[in-house]
Amino acid sequence: MSNEKESVLEGFKAFLTRGNVIDLAVAVVIGAAFTNVVNSLVKGVINPVVGAFGTKDLDHYSSCLKSPCETNAAGDVVSGIPIMWGTVLSSTLSFLITAAVVYFLMVLPMAKYLARRARQQAAKERVEEVVEVSELEVLKEIRDTLVAQHRVPGQGQGQGQGQSAS
């Protein structure tokens, strides 16, 4: 039982120290911090801009499903059923901004980098293939030269072989 416990702990340690687990943890932390930045951008810049063109902040736009919708001084709904579509729109904008930044600053550059690496690797493989083909050609030439040297000029094949046997 002790060996099982040690192997489980060793496996867990190997899992934690693998690079992709650490990368994932870093990505989650950075993603959470980035989400705060995007939410602040939407609430601090986009919502007030919408409020400047409209009548109120984006988060406060709503429709009433069951009239009349009344709120108290704290902003809590007292009667009616409000649909807070402004909050949904604000969250959708946050998502779109986050997705755009992730795509344009992370995904697109990484895809270009990987494509460039693939082209370089393919070019390297083509060069190695050409080298292998040229090596094969050189070996064929050496073989042909050796075959030609074994043949004595001016003598038939049978005579040359007969003399070397005697």
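These legends describe close-up views of a predicted model. Local features need pLDDT of at least 70, side-chain atom pairs count only at pLDDT 80 or more, and totals for chains, interfaces and linings use all residues. Residues are numbered from 1 along each chain as its sequence is written, and side-chain values use heavy atoms, without hydrogens and water.

**View 1. Arginine 143 and aspartate 144 form a salt bridge.** Their closest N and O atoms are 3.1 Å apart. A salt bridge needs a side-chain nitrogen of Lys or Arg within 4 Å of a carboxyl oxygen of Asp or Glu. The count by this rule is one. Arginine 143 is partly exposed at 48% relative accessible area. Aspartate 144 is also partly exposed, at 43%. (Buried means under 20%, exposed over 50%, partly exposed in between, with a 1.4 Å probe and protein chains only.)

**View 2. Tyrosine 61 and tryptophan 85 make a tilted aromatic pair.** The structure holds two aromatic pairs. Here the ring centres are 5.4 Å apart and the planes meet at 40°. Rings of Phe, Tyr and Trp (its six-membered ring) pair if their centres lie within 6.5 Å; planes under 30 degrees apart are stacked, over 60 edge-to-face, the rest tilted. Tyrosine 61 is buried, at 15%. Tryptophan 85 is partly exposed, at 38%.

**View 3. Tyrosine 103 and phenylalanine 104 pair edge-to-face.** Their ring centres are 5.1 Å apart, with planes at 80°. Tyrosine 103 is partly exposed, at 40%. Phenylalanine 104 is exposed, at 52%.
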